[in-house]
Amino acid sequence: MTAPLWFDPTEILIGGTWQPCTSGQTIPLINPSNGSELALIARGKGDDIDAAVSAAQSALDGEWGRMTALERGRLLTEIGRRVLDYVDTLAEIEACDVGKPLGQARADAVALARYMEFYGGAADKVHGATIPYLDGYTVYTLREPHGVTGHIVPWNYPMQIIGRSVGAALTMGNACVLKPAEEACLTALAFARICQEVGLPDGALNVVTGLGTEAGAALSGHPGIHHISFTGSVRTGALVQQAAGANVVPVTLELGGKSPQLVFDDADIDAALPFLVNAGIQNAGQTCSASSRILVQRGVYDTVRDRMAEAYRGLTVGPAMDDLRVGPLISNRQRDIVRGFLDKGADLTVAATGKLQNAPETGAYVVPTLFADVPPDHTLARDEIFGPVQVLIPFDTEEEAVRIANGTDYGLVAAIWTANGARQMRLARALRAGQVFINNYGAGGGVELPFGGTGKSGHGREKGFEALYGFSTLKTVAAHHG
Ligand SMILES: NC(=O)c1ccc[n+]([C@@H]2O[C@H](COP(=O)([O-])OP(=O)(O)OC[C@H]3O[C@@H](n4cnc5c(N)ncnc54)[C@H](O)[C@@H]3O)[C@@H](O)[C@H]2O)c1
């Protein structure tokens with residue numbers, strides 16, 4: 001299977017010109033469904049990042065910087081429409097690059113279009129305020145772009161993460177330098193081609209592929225950027241924050257999670273079941289907001305365990321283009337990390353596993369695994385696995401459930417399944433998480449919903465209107481007119 005590329009992936013985009021990187025070196029991309037080489041990409045480094053940051057600054061000083069909010073909004077809306085024309089192509093590219101089942105990859109492409117539509121419509125609706133002040137003064141605020149924004153994205157949801165961060169940054173009039181992940185970056189390049197096709201001014205979006213330790217490090221420590229948005233691991237997020245801090249550059253960090261779902265005795269188990277399972281195995285569990293811990297009250301514990309186990313036994317795992325429930329992991333390296341976690345669970349009870357279907361041995365496959373009766377302090381119940389692995393943890397009381405749920409370093413997502421309205425309100429406050437879902441998980445991933453973490457899950461918010469505030473800065477103007 002080859003990806004339907006209509007462009008040369010060894011070229012990077014700087015100031016509107018597609019070109020090889022300065023070093024002339026390339027990095028191979030691997031199709032995780034079968035281990036074959038998919039494409040070569042440019043190994044951009046510091047020189048290329050320098051050029052991209054300069055090009056972005058020139059765009060701010062030129063045509064892009066002069067565009068009105070209305071014009072930017074129309075352009076983004078048009079980009080969204082054009083992305084829809086490419087949905088099937090983008091989905092196939094993503095399936096080959098990430099190993100994501102085709103249907104899930106298609107949903108990501110549709111989400112990318114939706115981000116552009118949402119932000120395009122919002123561009124001319126973000127405004128400042130007038131502030132009552134002393135006699136003789138008129139005081140108001142202006143929302144302005146930061147300037148040049150850096151965007152470092154991971155491999156697990158390239159299109160969605162580019163949509164929510166680059167989309168919001170462009171809306172507010174920033175000029176972007178995007179550094180996609182070296183494991184999967186073809187849809188980032190494709191998106192930039194689409195933006196150019198629609199007429200995004202040169203330099204408003206620049207894309208430099210390369211290694212995180214080279215291009216990524218150069219971007220996060222660059223003195224010419226004014227904001228950086230990073231999505232990825234806690235370890236790298238801390239490095240990015242440190243590098244940006246040296247230049248006093250503000251940072252948004254979207255990091256990992258160990259997100260729990262709390263199922264109480266009075267929950268509607270039929271309604272909960274698809275969410276309990278899907279939130280753990282979507283994108284083979286390689287989702288920052290994956291729900292890897294299922295906390296269940298004793299009265300329904302056996303029922304939930306047995307029904308989840310039954311669902312797990314029906315999970316099929318195979319090549320992305322076969323569009324089964326679960327595809328491969330991103331790489332053999334990631335597969336081995338997840339297998340290492342499974343080894344650490346050798347002392348635990350396996351409630352059920354899924355099964356492989358036409359999965360080549362050369363692919364990066366891990367069979368989804370559900371563990372039962374897991375102690376809350378076990379490694380599998382505390383550490384982010386980033387694979388299709390879920391643990392069931394029984395509890396007796398609400399207080400115990402909250403204590404377990406809040407007992408990790410993370411705080412990204414939590415869900416509560418209960419019919420008790422008072423408990424819903426209590427727990428929505430008590431749970432340490434950037435977002436809490438009541439009788440659902442993820443609310444369909446809507447682009448309108450602000451998203452971000454607490455604790456080691458990061459800080460700052462993307463998605464929704466909140467992102468537009470994050471990708472802009474506030475200027476206060478006080479005029480004295482007597
Ligand atoms: N909160 C979210 O929205 C979200 C979304 C997706 C993934 N994640 C998290 O990301 C992690 C998995 O992704 P990963 O393993 O690719 O993460 P990673 O941190 O290794 O890589 C993410 C990005 O950072 C770049 N990078 C690597 N080293 C760098 C450095 N020294 N300086 C600057 N950039 C560098 C990479 O090239 C890539 O583009 C998981 O922990 C997951 O939870 C979080």
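Guide: Buried means under 20% relative accessible area. Keep in mind that this is a predicted model.

Visitor: Is His227 buried or exposed?

Guide: His227 has 3% relative accessibility, so it counts as buried. This residue belongs to strand β10.

Visitor: What does His227 touch?

Guide: Leaving aside residues up to four places away in sequence, the contacts of His227 include His146, Val148, Thr149, Pro250 and Phe471. Thr252 is also among them, and the side chains of His227 and Thr252 are joined by a polar contact of 3.2 Å.

Visitor: Which residues of helix α8 are buried?

Guide: In α8, residues 212–220, they are Ala215, Gly216, Leu219 and Ser220. They lie on the same side of α8, because their arc around the axis is only 130°. The elements covering them include strand β10 (227–231), along with α1 (46–61) and α9 (234–245).

Visitor: How should I read a sheet?

Guide: Strands of a sheet pair through backbone hydrogen bonds, in either a parallel or an antiparallel sense. Here, seven strands make an open sheet with mixed pairing, ordered β15-β17-β18-β13-β12-β19-β20. At the edges are β15 (349–353) and β20 (435–438), each pairing on one side only. On average, neighbouring strands are turned by 20° against each other, direction ignored.

Visitor: Over how many bridges do β12 and β19 pair?

Guide: Three, in the parallel sense. Trp417 in β19 is the bridge partner of Val263.

Visitor: Which strands does helix α14 touch?

Guide: Helix α14 (residues 398–405) packs on the sheet against β12, β13 and β18, and its direction makes about 150° with that of β18.

How values were computed. Residues are numbered from 1 along each chain as its sequence is written. This is a predicted model: local features need pLDDT of at least 70, side-chain atom pairs count only at pLDDT 80 or more; totals for chains, interfaces and linings use all residues. Side-chain values use heavy atoms; hydrogens and water are left out. Buried means under 20% relative accessible area, exposed over 50%, partly exposed in between (1.4 Å probe, protein chains only). Helices (H or I, at least four residues) and strands (E, at least two) are DSSP runs, numbered from the N terminus. The arc is that of the directions from the helix axis to the C-beta atoms. Contact means heavy atoms within 4.5 Å. A polar contact is a pair of N or O atoms within 3.5 Å; within protein, one must be able to donate a hydrogen and the other to accept it, and residues adjacent in sequence count only if both atoms are side-chain atoms. Two strands pair if DSSP finds at least two bridges between them. Axes are lines fitted to C-alpha atoms, for helices over the stretch in contact, and angles run from 0 to 180 degrees between N-to-C directions.
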